[in-house]
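Hi,

Here is the structure I promised to pass on.

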Amino acid sequence: MSDDRYETVWPPPELDFNKPTIARAYDALLGGKDNFAADRALADYACQHIPGLKESAVENRKVLVRGVRFLAGEAGIDQFLDLGSGLPTVQNTHEVAQAVNPDARVVYVDIDPMVLTHGRALLAKNPNTSVFTGDVREPEVILGHPDVTRMIDFDRPAAIMLVGMLHYLSPEVVDPVVAAYREVLAPGSYLFITSLVDTGLPAQQELARITRENLEEGWARTPAEIERQFGDFELVEPGVVYTALWRPDEPVDPDSLTPGEQLGMAGIALKKS
């Protein structure tokens, strides 16, 4: 990629400083600096009502790292489409994948224009990584975008990631949208999902309500509803579980999970045919 491809304009003309966004509120929860007062206010409000919310955000990031490490390593995947990627932080998808395989290609997509601005600055010298602004709810547009068609060969195994994204897809669109992404994948490919979960704990539905009221989208889904989004793909061990329990680096007692560790679940599944 040429340097002029990644010239940035600040602030992006679409940017609304007074309205929180998913990416910036998540950045605030992670303790990042790429957020505004409205994003921090929402994060603070949610933390006051949801015990362990910051911990949950960190756990979601940790499982992203473990999942990508598995995909790039054990699964041998060298192409990644990261949907709803959020703002760059430590151990981004391309950094984890390319630490395993320097030739791994990663395309980031997010609806927040600030992600594009910061991502382009970060990725200007990385020819195997790209970022563009797009709406995950429009799979035909995403999959037909020049960056995707140039970087990802869907005739070969690839990974599509909906990490921390599924719960922002409404009940009306979630099934056809996720199905469209599953369909494009070749045998040997993987789908990686994490989501706000509903196992009957009040905090889970309260977080969904706060998210919906402030960011317009937010639905907690049961483990069965999350698992359904993998279609006929084969779940890799340990299946759809709380994020802290998905192949942890250190042993975790499933009977002693904290409130924050019970807000989200993760799963990765293989398309066999």
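A term to settle before anything else: a crossing of two helices is called right-handed if the near helix is turned clockwise from the far one by less than a right angle, and left-handed if it is turned anticlockwise. You'll need that in a moment. Also keep in mind that this is a predicted model.

First, the overall picture. The protein has 10 helices and eight strands. Of its 273 residues, 55% count as buried. If you take the contacts with a separation of 6 or more, 72% of them come from residues 24 or more positions apart.

Now the helix pair. In general, two packed helices are described by the angle between their axes and the distance between the axes. Here the pair is α2, residues 37–49, and α9, residues 202–215. Their axes lie 10 Å apart, and the packing angle is about 160°. An angle over 145 degrees counts as roughly antiparallel, and α2 and α9 are therefore roughly antiparallel to each other. As for the handedness, the crossing of α2 and α9 is right-handed.

Which residues make the contact between α2 and α9? On the α2 side they are L42, Y45, A46 and H49, and on the α9 side E206, R209, I210, N214 and L215. Sorted by class, five residues in this contact are nonpolar, two are polar and two are charged.

The other thing I'd point you to is strand β8, residues 264–270. Is it buried or exposed? Seven of its seven residues are buried, so β8 is largely enclosed by the rest of the structure. In a regular strand, side chains alternate between the two faces of the sheet. In β8, G264, A266, I268 and L270 point one way, while M265, G267 and A269 point the other way. Both sets are buried.

And what does β8 pair with?

- Strand β5 (residues 190–196) runs antiparallel to β8 and is joined to it by seven bridges. S195 stands opposite M265 in β8.
- Strand β6 (residues 234–235) is also antiparallel to β8, with two bridges between them. Here E234 has L270 of β8 as its bridge partner.
- Strand β7 (residues 241–242) runs antiparallel to β8 too, again with two bridges. The partner of V241 in β8 is A266.

Cheers

Conventions. Residues are numbered from 1 along each chain as its sequence is written. This is a predicted model: local features need pLDDT of at least 70, side-chain atom pairs count only at pLDDT 80 or more; totals for chains, interfaces and linings use all residues. Side-chain values use heavy atoms; hydrogens and water are left out. Axes are lines fitted to C-alpha atoms, for helices over the stretch in contact, and angles run from 0 to 180 degrees between N-to-C directions. Helices (H or I, at least four residues) and strands (E, at least two) are DSSP runs, numbered from the N terminus. Angles under 35 degrees count as roughly parallel, over 145 as roughly antiparallel, 65 to 115 as roughly perpendicular and the rest as oblique. Contact means heavy atoms within 4.5 Å. Ala, Val, Leu, Ile, Met, Phe, Trp, Tyr, Cys and Pro count as nonpolar, Asp, Glu, Lys and Arg as charged, and the others, Gly among them, as polar. Buried means under 20% relative accessible area, exposed over 50%, partly exposed in between (1.4 Å probe, protein chains only). Two strands pair if DSSP finds at least two bridges between them.
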